[in-house]
Amino acid sequence: MNRILRVGAAQSGPIQKEESRKAVVVRLLELMKEARANGCDLVVFTELALTTFFPRYFEKNRAQMDPWFESEMPNPTIQPLFDYARKHGIGFALGYAEKTTAGQHFNTSVLVDPSGDIVGKYRKVHLPGHFGYEPKRRWQHLEKRYFEPGDLGFPVWRTMNGIMGMCICNDRRWPETFRVMGLQGVELVMLGYNTPTLNSMKEDESAATRMHHNHLCMQSGAYQNACWVVGTAKAGNEDGFELMAGSCIVNPDGEIVALTQTTQDELITFDCDLDECAFLKQTTFDFAAHRRIEHYGRICSQTGAEPPAE
Ligand code: ING
């Protein structure tokens, strides 16, 4: 009997600055209800799913951004989502801005199992953008200002009859992200992303090229680690800033098997057969049989590139 998991990618349309958490949770609950109606076992929500993408705004005093963060998870505002999931036996992944009791700030996601318990937490390791205000940019991308790099590594968890992993947005652009999880046997990687449609530094980079990069990263991550990848966007126009959609479900062959068509709240679903990972893990990507780690030293000993002398 194959281990089939019916997975939903619950794309969020734009969340405006003034939209309350309460109103956002109502939208997420609607997507969760649609997922239940479609028989989903697992729903993947997006990055920073409770608020607008606030790292686009510069604030000199970073404490002023604390209202965008959750200091506990769950909390009374988000509890209805946990309650619904528990009542109907649906697992989910949810991205949010985390403020710890020690006062640290992370771009975080939690993995909740069908009994409504948090079984995994991930904190975004690769923070794109910059720390200070950069006037040459058409818009700011201040994740390095408001978040610390994740301190939990890239863990995986045995839950929902499989080996599950999470990453967040920019993480998908770094093959190390998927490979570290692949080296733990991951079968399904869940991620959310808030990605501007256009490049703030390169006027002539097309939206099509940016969408190509988005899917290329997830498709290669899936194939090269023989796992399913679910990528869920926050999409549409937030406060005048366009975010790309393109939420998708990718199979272990790196093929996109489900893709959103809109830039709004939209659910896509697919029956992910976790046993489909086995063939590539036992052949092409049998890491134990084929990898030659004695030649990979630079990957962990060097941060930046060091070209040969002129
Ligand atoms: N957003 C973008 C992402 O990695 C980005 C930032 C876009 C970086 C394009 C580089 C190129 O998808 C987040 N939130 O990381």
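1. Ile256 has its place in one of them, strand β13. Please keep in mind as you read that this is a predicted model.

2. Let's look at the partner of that strand. Strand β12 (residues 248-250) and strand β13 (residues 256-259) run antiparallel and are joined by 3 bridges. Together β12 and β13 make a hairpin, with 5 residues between them. In the turn sits Gly254, whose phi is positive, about 80 degrees.

3. Now back to Ile256 itself.

4. Which residues does Ile256 touch, leaving aside its neighbours within four places in sequence? Ile256 is in contact with Cys248, Ile249 and Val250, and also with His215 and Gln219. Met218 is 38 residues away from Ile256 along the chain, and the C-alpha atoms of these two are separated by 9.2 Å.

5. Just after α1 comes Gly39, with a positive phi of about 75 degrees.

6. Next, see which residues of α1 are hidden. The buried ones are Val24, Val25, Arg27, Leu28, Leu29, Leu31, Met32 and Ala35. These buried residues pack against the strands β1 (4-11), β2 (42-44), β3 (91-99) and β14 (266-273), and against helix α2 (79-88).

7. The largest pocket holds about 360 Å³ of space. It is lined by 22 residues, and those closest to its centre are Pro128, His141, Arg173, Pro196 and Arg210. By class, its lining has 7 nonpolar, 8 polar and 7 charged residues.

8. The second largest pocket holds about 300 Å³. Among the residues that line it are Pro175, Glu176, Gln224, Arg291 and Tyr296. Two elements, α4 (175-182) and α8 (297-301), each give two or more residues to this lining. The largest share, 4 residues, comes from α4. By class, the lining of this second pocket has 6 nonpolar, 2 polar and 3 charged residues.

Technical notes. Residues are numbered from 1 along each chain as its sequence is written. This is a predicted model: local features need pLDDT of at least 70, side-chain atom pairs count only at pLDDT 80 or more; totals for chains, interfaces and linings use all residues. Side-chain values use heavy atoms; hydrogens and water are left out. Buried means under 20% relative accessible area, exposed over 50%, partly exposed in between (1.4 Å probe, protein chains only). Contact means heavy atoms within 4.5 Å. On a 1 Å grid over the protein atoms alone, a cavity is a set of points where a 1.4 Å probe fits but cannot get out, and a pocket is an open set with protein on both sides within 12 Å along at least five of seven lines; lining residues have an atom within 4 Å of a point. Grid points are joined across faces, edges and corners, and a volume is the space filled by probe spheres set on the points. Ala, Val, Leu, Ile, Met, Phe, Trp, Tyr, Cys and Pro count as nonpolar, Asp, Glu, Lys and Arg as charged, and the others, Gly among them, as polar. Two strands pair if DSSP finds at least two bridges between them.
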